Amino acid sequence: IYFHLREWKKSEQYYRAAVEADPNYALAHYNLGNLYDERGDSGKAYLHYHAALRLQPQYADAHYNLGLAFHQRRDTSSELP
């Protein structure tokens, strides 16, 4: 709810709590990636999209958003920032 209300601090607080409670929670990493992408922090977004993909390699939305993030930066490498 906080994400959709664009309340970034509260969104980050709850998504981070979810990751801390269960580091293997791919959806929480994906949501953190989306949050950081919205805030313009592509470095943190990449890290969380990659974390989601390590946990669920077939996570199509994470692949898609990671590709968009690379495209927005015009980055064709597979290296993280």
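## Helix α4 and its buried face

In this predicted model, the buried residues of helix α4 pack against both α2 and α3. Those buried residues are Ala62, Asn65, Leu66, Ala69 and Phe70, and because they fall within an arc of 140° when seen down the axis of α4, they line one face of the helix. On the other side of α4, Ala60, Tyr64, His71 and Gln72 are exposed.

The length of α4 agrees with what its residue count implies, because its 13 residues should span 18 Å at 1.5 Å a residue and its end C-alpha atoms are 18 Å apart.

## The pairing of α3 with α4

Helix α3, residues 42–55, and helix α4, residues 60–72, pack at an angle of about 155°, and their axes are 9 Å apart. Since angles over 145 degrees count as roughly antiparallel, that angle makes α3 roughly antiparallel to α4. The crossing of the two helices, α3 and α4, is left-handed.

On the α3 side, the contact is made by Tyr46, Tyr49, His50, Ala52 and Leu53, while α4 contributes Ala62, His63, Asn65, Leu66, Ala69 and Phe70.

## Helix α1 and its two sides

Helix α1 covers residues 8–21, and its 14 residues reach 20 Å from the first C-alpha to the last, close to the 20 Å expected at 1.5 Å a residue. Within α1, the residues Trp8, Ser11, Glu12, Tyr15 and Val19 are buried, and because they cover an arc of only 95° around the axis, they lie on the same side of the helix. An α-helix has 3.6 residues a turn, so residues three or four places apart point the same way.

The buried residues of α1 pack against α2, which covers residues 26–38. Turned away from that buried side, the opposite face of α1 carries the exposed residues Lys9, Glu20 and Ala21.

## Arg6 in the segment before α1

Arg6 is found in the segment before α1, and its phi is near 65°, a positive value in a residue other than glycine. Most residues other than glycine have a negative phi. Arg6 has a relative accessibility of 53% and therefore counts as exposed, the cut-off for that class being over 50%.

Technical notes
Residues are numbered from 1 along each chain as its sequence is written. This is a predicted model: local features need pLDDT of at least 70, side-chain atom pairs count only at pLDDT 80 or more; totals for chains, interfaces and linings use all residues. Side-chain values use heavy atoms; hydrogens and water are left out. Helices (H or I, at least four residues) and strands (E, at least two) are DSSP runs, numbered from the N terminus. The expected span of a helix is 1.5 Å times one less than its number of residues. Buried means under 20% relative accessible area, exposed over 50%, partly exposed in between (1.4 Å probe, protein chains only). The arc is that of the directions from the helix axis to the C-beta atoms. Contact means heavy atoms within 4.5 Å. Axes are lines fitted to C-alpha atoms, for helices over the stretch in contact, and angles run from 0 to 180 degrees between N-to-C directions. Angles under 35 degrees count as roughly parallel, over 145 as roughly antiparallel, 65 to 115 as roughly perpendicular and the rest as oblique. A crossing is left-handed if the near helix is turned anticlockwise from the far one by less than a right angle, and right-handed if clockwise.
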